[in-house]
Amino acid sequence: MEKFVYLFHEGNGNMRDLLGGKGANLAEMTRIGLPVPFGFTITTQACNAYYESGKTIPNLVEKQTIEALAALEEKMGKKLGDPQNPLLVSVRSGSVFSMPGMMDTILNLGMNDETVVGVAKLTNNPRFAYDSYRRFIQMFSNVVLEIDTFFFEQLLEDTREQKGYSVDPEMTAEDWQEIISGYKEIVKKHTRKEFPQDPREQLFLAINAVFNSWNNQRAIVYRRLNKIPDHLGTAVNVQSMVFGNMGDDSGTGVAFTRNPSTGEPVLYGEYLINAQGEDVVAGIRTPQPIATLKEEMPEVYQQFADTCHRLEQHYQEMQDIEFTVERGKLFILQTRNGKRTAQAAIRIVVDMEKEGIIDKKTALLRVDPDQLNQLLHRRIDDSVPKTILAKGLPASPGAATGQVVFDADEAEQLGNEGKKVILVSPETTPDDIHGMVASQAILTSRGGMTSHAAVVARGMGKACICGCEALKIDMKGKFFTVGDTVVRHGDVITIDGSTGEIMLGEIPMIDPELSEEFQQLLTWADEERKIGVRANADNPEDAKKSFEFGAGGIGLCRTEHMFMDIKRIPIVQKMILAENFNERMEALEQLLPMQQDDFEGIFEAMQGYPVTIRLLDPPLHEFLPDKEELLVEVTKLQILEPQSDELKQKEQLLKKVRQLDEFNPMLGHRGCRLGMIYPEIYEMQAKAIFYAAAALAEKGMAVKPEIMIPLVGHVNELKQMRQLVIDAAVKVQEETGKQFEYTIGTMIEIPRAALTADKIAEEADFFSFGTNDLTQTTFGYSRDDAEGKFLQAYIENKVLPENPFAVLDQEGVGKLVEMGVKLGRKTKPSLKTGICGEHGGEKSSIDFCYRAGLDYVSCSPYRVPLARLAAAQATI
Ligand code: ADP
Ligand code: MG
Ligand code: MG
């Protein structure tokens with residue numbers, strides 16, 4: 001015979017699936033002898049049985065409930081509905097995962113016109129008895145009979161006003177009696193029936209209501225959003241009442257065993273004297289901090305503090321505890337693992353390890369890497385009130401304040417003058433990078449979490465909000481509106497990239513703190529992990545940040561970002577527009593020392609750790625002005641200054657832009673295909689790297705450059721480019737007389753490269769899986785088009801489980817990675833392998849990389865701490 005009902009002492013903490021979280025913990029606390037009011041739990045299986053029998057309580061469940069009730073009555077020496085000595089109970093729902101939308105708790109069940117008299121006599125406290133009765137009618141009517149609380153509150157308020165009271169405690173027993181009559185009339189009016197007087201009927205109606213609440217709209221939506229299966233069901237807890245509203249020696253409260261916002265190991269909570277249940281959180285009266293309980297009720301406080309300590313030791317976790325004091329006696333009503341901020345999460349596990357409660361592995365597993373993001377960026381001081389103007393997608397965490405600008409050039413100019421600006425634009429393109437660099441933050445009205453603005457901002461560790469559709473931007477008029485509010489060019493706003501909130505004016509902020517505990521946790525992570533963590537960094541500042549955050553090298557240095565610099569772009573353009581080899585060489589020779597400078601800075605910042613440098617990757621037209629804009633300018637000049645030199649120049653430029661125009665730039669003339677056709681470009685870059693290496697060798701500093709050839713699809717491409725790089729190295733070594741080590745490898749970002757990795761490995765010292773492009777080329781999606789047009793719908797309709805540009809598609813793209821590693825190592829067992837797509841900073845992808853046998857992951861500097869932790873978790 002299936003057991004559907006468990007008395008508290010029959011269960012334990014491991015029975016969450018059957019008893020729900022609340023029930024399992026009530027059983028566990030009973031088992032270890034804590035003062036828990038006795039009761040029983042009707043299982044989640046009973047809930048499922050209820051639905052299977054067409055929403056009726058099956059006979060077996062009813063029978064076992066009545067038996068459990070008898071056991072409870074026996075134990076308490078009271079009977080449900082007994083006018084002389086009535087038992088009162090609470091009915092509490094509780095599923096496996098705590099779920100908003102589930103039925104609210106009903107307190108004081110068992111009250112009726114007769115038992116209320118009994119309670120009044122027994123407690124010698126009629127005021128308390130009638131107050132409890134009216135609370136019961138109100139809760140039961142709301143939760144079970146579905147009558148809006150508003151009607152009851154209204155009556156309460158009217159009565160209070162009429163009697164000239166300001167707070168409830170002024171009500172007398174007679175006042176409450178009057179209100180009870182009023183309440184009953186409300187019930188009659190809404191249900192056309194009397195308020196149920198039979199306590200058993202009350203109990204089963206309440207159990208029914210709990211089961212029904214499993215499938216109310218709110219609960220269903222919540223489950224869908226949080227991927228909680230529908231078949232789990234909810235349990236029902238029936239528990240004898242204890243009363244915090246029996247007078248000044250009674251009270252009720254909630255407490256955390258440690259401070260949930262800082263992690264400080266002190267009790268943290270609030271209580272109210274002479275109050276019941278939800279009064280503390282309801283905010284009707286202001287509760288007192290738990291510390292004052294020490295003075296008001298020293299013995300109770302000590303007992304509570306001891307219990308908290310015991311619960312924490314028992315669960316080996318910070319607990320969130322509900323308690324009630326009835327006439328000086330303490331009862332524990334609930335315990336669960338407490339929710340906490342990232343800062344607190346870290347402090348708590350590190351403290352607990354030191355206190356010997358948990359070991360290092362457990363400590364590492366308990367902190368969610370995603371939470372760390374909060375700690376690595378400046379953030380808004382939550383203690384200051386703020387008004388939110390609009391909300392967009394929280395695309396890149398961190399907060400920033402600055403003047404609104406609408407143009408990347410202006411952003412750069414003001415930024416370089418030391419002004420704080422926020423770049424606001426419908427969306428951004430690679431042309432805006434220089435402005436983004438100089439801005440405090442980026443705000444767009446279009447585009448998703450993986451739009452250009454979002455990706456670039458995350459890479460730079462800059463705050464960014466995307467897709468804020470409430471923003472109507474007028475680029476010409478230089479203002480934007482949100483409803484009636486107009487924000488003009490130069491106005492100051494604050495944005496919070498962690499929440500997506502936009503606010504007017506300046507809001508106070510707190511600096512990121514890498515606390516001592518944080519450092520400690522990361523040190524443990526480093527001891528545990530077996531996969532390296534590098535950073536993607538394109539300039540010396542980012543390299544320094546990466547080093548500070550504990551990166552063991554640079555996994556991807558994109559040289560094109562160096563080309564985008566405002567002072568260099570004219571030279572880059574000259575190089576592109578060159579009519580012949582000599583002209584091109586001239587421009588390249590000007591660029592060389594500039595790139596060399598950057599490389600020296602990066603090598604120095606990395607202090608001897610390996611630095612992987614990717615030679616030029618994007619198509620050349622990305623360095624030229626926009627075609628449409630240029631056309632407008634040319635047309636204008638043709639009318640206004642038809643004879644000018646400027647026109648001639650612009651026309652020539654336009655011609656080149658048109659020549660370089662591609663049908664599909666993502667698959668066009670880019671990557672090593674540039675080096676194949678214009679070897680002098682790659683040669684210049686290779687030389688710049690080697691001159692930098694020689695310069696550092698001269699200073700006696702260690703350098704480990706790793707030259708990476710992008711977008712290789714056929715081994716012959718790599719073979720040719722490898723020879724080019726070797727030749728450059730030989731030349732520089734001969735010229736400078738300095739020796740330095742270097743390696744040459746390739747990015748694997750085209751399926752053909754993964755499929756022929758055994759061949760490609762013959763020419764490569766290392767593989768770096770460029771999973772951004774590999775995802776594009778494997779799915780055949782152009783990212784910019786996919787994210788704007790259909791990807792969102794795909795995810796919503798569950799065609800794809802996740803955005804494959806954010807979370808590595810292990811099944812498809814991952815298979816190519818595994819194949820690439822395997823084939824490559826077959827040819828060259830010493831082949832070094834890594835990943836440098838954005839996936840390198842995402843925890844499930846890091847776990848995959850570890851299992852695939854990669855040597856390292858590489859991610860943006862700000863994600864390095866996260867990746868160190870996730871890499872440790874992958875090995876545990
Ligand atoms: P929630 O899941 O919303 O916290 P609970 O079932 O924990 O709901 O209960 C709501 C409130 O009622 C809590 O303050 C709790 O302490 C109180 N409560 C529940 N059962 C009892 C009881 N048997 N005696 C006294 N107070 C109770
Ligand atoms: Mg609770
Ligand atoms: Mg690529």
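The model is predicted. The average pLDDT of the protein is 93, and 99% of the residues reach at least 70. The ipTM is 0.96 and the pTM is 0.81.

The domain assignment divides the protein into domain 1 (5-244), domain 2 (245-340), domain 3 (378-510), domain 4 (529-619 + 662-875) and domain 5 (626-661). Domain 4 is written in two segments, with domain 5 falling between them in the numbering. The centres of domain 4 and domain 5, taken over C-alpha atoms, are separated by 35 Å.

The protein contains a closed barrel of eight strands. Its order is β26-β27-β28-β29-β30-β31-β32-β33, and the pairing is parallel. On average, neighbouring strands of this sheet are turned by 25° against each other, direction ignored. One pairing can be followed in detail. Strand β31 spans residues 766-769, and strand β32 spans residues 832-835. The two strands run parallel and are joined by four bridges. Within this pairing, F769 faces I835 of β32.

An unreviewed UniProt entry carries the annotation "domain: Pyruvate phosphate dikinase AMP/ATP-binding". According to that record, the annotation covers residues 17-55, 63-297 and 302-354. Two of these segments were examined for secondary structure. Residues 17-55 are 62% helix and 10% strand. The end C-alpha atoms of this segment are 21 Å apart. Residues 302-354 are 51% helix and 32% strand. Here the end C-alpha atoms lie 24 Å apart.

Notes
Residues are numbered from 1 along each chain as its sequence is written. Chains are lettered from A and ligands numbered from 1 in the order in which they are written. This is a predicted model: local features need pLDDT of at least 70, side-chain atom pairs count only at pLDDT 80 or more; totals for chains, interfaces and linings use all residues. pLDDT is the predictor's confidence in each residue, from 0 to 100. Two strands pair if DSSP finds at least two bridges between them. Axes are lines fitted to C-alpha atoms, for helices over the stretch in contact, and angles run from 0 to 180 degrees between N-to-C directions. UniProt positions are given in the numbering used here, feature names are shortened, and annotations may be inferred rather than shown by experiment. Domain bounds come from an automatic or database domain assignment.
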